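This report looks at one helix, the chain around it and the surroundings of a ligand.

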Amino acid sequence: KGLAKKAGKANKHEIKKAAVLGAGIMGGGIAFQSASKGTPIVMKDINQGALDQGLAEASKILNKKLKKGRIDGNKLAQTLNNIEPTLNNEALKDTNFIIEAVVENPKVKGAVLAEVEGLVSEDTIITSNTSTISINKLAESLKRPENFCGMHFFNPVPLMQLVEVIRGEKTSEETVAATVAYATKMGKTAIVVNDCAGFFVNRVLFPYFAGFSLLLNDGAKFANVDKVMEREFGWPMGPAMLLDVVGIDTADHCTDVMAEAFPTRMQKLENDPISVLYNNEFYGQKNTKGFYQHS
Ligand code: CAA
Ligand code: NAD
């Protein structure tokens, strides 16, 4: 009932064109999902390689669907047309919904959010796909925190159903409503949660990764842990493979945020295997080197 009421309020905020800042694992997936469900989206990055990869990934998924007869050529062309890759800010000016998806670093995110707020119209909604950083903390860099909330997708975006919409202390109900409505239009199920580091899902997932790190430091072999969690326990993938999928760099940044927010419960291990890999530039699937070697 509450969500239906919010969806009503959200009609005031029709999204003509959205923008995602960052075209990495998440930004690329978010752009694809928005485009395929009919909302045009600007995909901005500071690195041409990331834009090329984002588009190539979208094209690969669409071509596979075309080959299987699940979409026709029109749908393929329309979806790709709905994604506008760019390296500059000009294209952001006529967007009215922003999803920030750059690196998990509060300072970088704060600067990116403040910059985009200065470019867009006053009623533009700005959201962050942060995994762990408090929305109240990020809101401090903004002049209009009422227009800001968390919009947390899961990886891989086209396949994961859930989106957490995180309500900061100053977030307006209209902002929550419009964000829930957009997630729904993207074919996702939104849940609205209050703010704290890690929100809902990552307060479950990161203690799980921390437990995995403890096991490794106690002498367990990562491949054995994965084998048991996958084959015997029945999860789609074990923690080592999941960390490679998430990105070990991102997981390490998230662990730092959680350790700072929950110093007694989420203390970072000395020689945490995730940090050791990160410090040796093993970032997981994204750079082919992680717990596993990827092609
Ligand atoms: N994008 C789009 N399509 C994809 C894809 C991707 N990345 N990966 C696979 N697909 C397609 C496949 O090609 C396949 O298509 P067809 O049906 O046409 O053959 C289809 O999707 C199903 O693929 P699979 O059979 O390989 O996979 P599955 O259905 O068995 O499971 C999964 C896929 C649901 C993603 C499963 O692997 C899974 O649950 N993995 C764990 C994911 C997870 O836990 N994510 C959370 C990470 S943490 C996070 O996101 C939060 C954070 O803040 C860090
Ligand atoms: P990624 O490293 O794959 O991509 C980040 C992208 O941001 C890179 O392409 C980089 O060039 C770009 N970037 C950096 N600074 C920028 C700027 N100023 N403007 C525009 N682009 C910029 O990272 P990711 O995995 O896509 O994660 C992005 C965000 O999403 C993080 O906050 C992360 O915590 C969150 N997240 C990640 C996952 C996951 O499983 N990887 C899941 C949910 C949420």
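Is helix α10 (residues 239-246) mostly covered or mostly uncovered?

## Helix α10

Helix α10 is mostly covered, with 7 of its 8 residues buried. Helices here are DSSP runs of H or I of at least four residues, strands are runs of E of at least two, and both are numbered from the N terminus. A residue is buried if 20 or more other C-beta atoms, placed from the backbone, lie within 10 Å of its own, exposed if 12 or fewer, and partly exposed in between. The model is predicted: local features need pLDDT of at least 70 and side-chain atom pairs pLDDT 80 or more, while totals for chains, interfaces and linings use all residues. Residues are numbered from 1 along each chain as its sequence is written, with chains lettered from A and ligands numbered from 1 in the order written.

P239, A240, M241, L242, L243, D244 and V246 are the buried residues of α10. They pack against α8 (201-217), α9 (222-232), α11 (248-261) and α12 (273-279). G247, with a positive phi near 110°, follows α10.

## The chain

The chain has 12 helices and 8 strands. Of its 295 residues, 43% count as buried. Its C-alpha trace spans about 55 × 45 × 40 Å along the principal axes.

## Ligand 2

Among the 28 residues around ligand 2 (C-beta atom, placed from the backbone, within 6 Å), G22, G24, M26, A50 and N155 come nearest. Helix α2 (25-36) and α11 each supply at least two residues of this shell, and α2 gives the largest share, 3 residues.

Methods: Contact = placed C-beta atoms within 7 Å.
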